[in-house]
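Hi,

Here is the model I promised to pass on.

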Amino acid sequence: MTSHQEQDLQDSHDQGIEYVRNLIKPYPDFPKKGILFHDIFPALRDPIALEIVLNRMAAAVTKRCAVVDYVVGLDARGFLFAPSIASRLHCGFVPIRKKGKLPGECWSGASTKEYGEDILEVQKNGIRQGSQVVIVDDLLATGGTLKTAVSLLKTAGATVVVCVCLVELPSLDGALSVGAPVESLLKLDAGC
């Protein structure tokens, strides 16, 4: 590929991401005062933006690892992306859910996020020992949910290749605490 072709590819990448960015709407003081909520649903309603997001998330995975065994989606908005990305990567999908939502034996871990706490679980029979996995979620803020997910998957004997998020709030430094590489498509402001 020539440098001109590489620049054209970078320019089209930026245009696609800007298209998605322009569809995401901020809502100050939601769900509580002091939180700036970024509503991704307008971008998901737009078929062009949705395709851009899914393709870019899959590309973020393949640039780190040619083959993965599972794409793990985090409850609940990670479920919007993970199965489609798993299909694109020809691998399985595994959910990490809030406590009490999965049948059978589960590994559990406490998660603290910017406006609450949860117990997250993954089924013990859901991940094979030695698996290469990717974690997908909509937003990385403080990193609590991703950190717990990485810990659960390591307990299951998996290697977390990368965590991929649509949006990151870099001012909250969440990526520093995750314990695995992080790729985000958009970096947005965290403040109200």
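Before the notes, one convention: two strands pair if DSSP finds at least two bridges between them. Helices (H or I, at least four residues) and strands (E, at least two) are DSSP runs, numbered from the N terminus. Bear in mind that this is a predicted model, where local features need pLDDT of at least 70, side-chain atom pairs count only at pLDDT 80 or more, and totals for chains, interfaces and linings use all residues. Residues are numbered from 1 along each chain as its sequence is written, and side-chain values use heavy atoms, leaving out hydrogens and water.

Now the sheet. Seven strands form an open sheet with mixed pairing, in the order β5-β6-β4-β3-β7-β8-β9. β5 (106-113) and β9 (182-187) are at the edges with a single partner strand each, so one side of each has no neighbour in the sheet. β5 pairs with β6 (residues 116-123) in the antiparallel sense, over eight bridges. Within that pairing, Thr 112 stands opposite Glu 117 in β6.

Helix α5 (residues 144-155) packs on the sheet, touching β3, β4, β5, β6, β7 and β8 (159-168); contact here means heavy atoms within 4.5 Å. Its direction makes about 160° with that of β5 (axes are lines fitted to C-alpha atoms, for helices over the stretch in contact, with angles from 0 to 180 degrees between N-to-C directions).

Thr 148 counts as buried at 8% relative accessibility (buried means under 20% relative accessible area, with a 1.4 Å probe and protein chains only). Leaving aside residues up to four places away in sequence, Thr 148 touches Gly 109, Ala 110, Ser 111 and Leu 120.

Cheers

Note on methods: Buried means under 20% relative accessible area, exposed over 50%, partly exposed in between (1.4 Å probe, protein chains only).
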